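Have a look at it first, and then we'll go through some of its details together.

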Amino acid sequence: MDRPEIILAPGPTPIPPEVYLAQGSPLVYHRGPGFGNLMKEVTARLKELYRTEEADVLLMTSSGTGGLESAIQNCFSPGDEVLVPLAGFFADRWMKLAQAQGLSVRTVEYEWGRRVRPADVAAALAEHPVKAVLLTQSETSTGVVQPIEELAHVARQAGALVIVDAVSSLGAVPFAFDAWGIDVAIGGSQKALSASPGIAFVAVGRRAWEAHGTASLPRFYFDWSIYRRFAELPDPENPWTPAVSVMQGLRAALDLYFQDGVDAALERHRTLSRAVKEGVKALGLDLFGEGLEDNWTVTAVRAPDGLDADTICDRIRADFGCVLAPGQGPLKGKVFRIGHFGYFSELDIIRGLAALEMTLERLGYTVERGAAVAAAEAAFQEAT
Ligand SMILES: Cc1ncc(COP(=O)(O)O)c(C=O)c1O
């Protein structure tokens, strides 16, 4: 029987019924007060989420990667130098994206799964100053949440712009645009907020606007000045025809997210993460990556000896309709990843862990039935 898949992957995340209803409701015309109010509400909420008074939050019809590309096109000129600390697939994508736009990329390299060390970044910047540091807050490929506050601090001290890919972290882990001295931060609708894919948000601070003023890389669709001009109309607009339905869904998703406040939403993510990690450990599996206490978005799990991680992902999906994420790059076949940011409840996690127990048993791994579920329940009970 066809049923909706049970998503426990790091995005797109499960979409609440309220969001489906909102995005299925009649289209608001994209020029005029209806859409203008939508933009105002969504932008105000996102500013609160970014914890910024200072920045402009621009909304673009694109996946997160478009938001990242916009940051490169709008802040730099050909040949500008940037530093990318490399510790996973998405940091690597930052590097490739910057190279594709003609920037000169320097790197500080780590084994995947490591946390980036602020002292290393400070040393690299002291040896060779650059115009900007491109950071990834939640390295979705390894589950590691990088220490953005500390990294931003050393980058600022070295006079570099701080540009953060927060696509898989905004709304799931703490973020403080103004207090941490961030210049640009990019998020996406389909991640912790659990709206549909299709909208990128880009927070742009004062220093980034200054850089934009002199940046000469070619840009058009993602030209921030045009977005700002349209956003400043009495009834704010997008310059181009936006994903209106997704925006309607995003407003509903933000309403839900803000029902209990940002702090409660972050605490929920912390608890979900702990329950997943305790559950997985109770099965005798090893967790992957540094800084597990802080890694509230994704849990990367080493496959047990003799089992291929991709086989676990394939089997749990075939047998239970449960979508986990396979390992990427050098971690392919070695780890599988459980995404737990977005619209998840305790029971979503528990049924996912139950499916994992049964899947591992079917693949020949000795499982104490109920062990993961019991450990997750304990984590949830402790948190209340
Ligand atoms: C950290 C990070 N950056 C960027 C992206 C790319 O986002 P999108 O697929 O929305 O373009 C992802 C997607 O998983 C991500 O996790």
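Let's begin with Ser 194, which counts as buried because its relative accessibility is 1%; buried means under 20% relative accessible area, exposed over 50%, and partly exposed in between (1.4 Å probe, protein chains only). Ser 194 isn't a glycine, yet its phi is positive, at about 60 degrees. You'll find Ser 194 in the loop between strand E9 (184-188) and strand E10 (199-204). Helices (H or I, at least four residues) and strands (E, at least two) are DSSP runs, numbered from the N terminus.

Before going further, keep in mind that this is a predicted model, where local features need pLDDT of at least 70 and side-chain atom pairs count only at pLDDT 80 or more, while totals for chains, interfaces and linings use all residues. Residues are numbered from 1 along each chain as its sequence is written, and side-chain values use heavy atoms, with hydrogens and water left out.

Arg 51 also has a positive phi without being a glycine, at about 55 degrees. Arg 51 sits in the loop between H2 and strand E2 (56-61), and counts as partly exposed because its relative accessibility is 36%. For background, most residues other than glycine have a negative phi, and most peptide bonds are trans. The bond from Gly 11 to Pro 12 is cis, with omega near -5 degrees. Pro 12 belongs to the loop between strand E1 (6-7) and H1.

Now for the ligand. How many residues surround the ligand? There are 13, and the closest are Ser 63, Thr 65, Thr 140, Asp 165 and Lys 191; a residue is near a molecule if one of its heavy atoms lies within 4 Å of it. The shell divides into 2 nonpolar, 8 polar and 3 charged residues.

| Residue | Ligand atom | Distance |
|---|---|---|
| Ser 63 | oxygen | 2.5 Å |
| Asp 165 | nitrogen | 2.5 Å |
| Gln 190 | oxygen | 2.7 Å |

Taken alone, the ligand exposes 390 Å², and the protein buries 87% of that; these areas come from the Shrake-Rupley method with a 1.4 Å probe.

On to the aromatic rings. Rings of Phe, Tyr and Trp (its six-membered ring) pair if their centres lie within 6.5 Å, and planes under 30 degrees apart count as stacked, over 60 as edge-to-face and the rest as tilted. That rule gives 9 aromatic pairs. Tyr 50 and Phe 175 have ring centres 6.1 Å apart and planes at 75 degrees, so they are edge-to-face. The two are 125 residues apart, with Tyr 50 in helix H2 (residues 33-50) and Phe 175 in the loop between strand E8 (161-165) and helix H7 (177-180). Both Tyr 50 and Phe 175 are buried. Tyr 50, Phe 175, Phe 177 and Trp 180 form one aromatic cluster.

Methods
Polar contact = N/O pair within 3.5 Å; in protein donor to acceptor, adjacent residues only side chain to side chain. Nonpolar A, V, L, I, M, F, W, Y, C, P; charged D, E, K, R; others polar.
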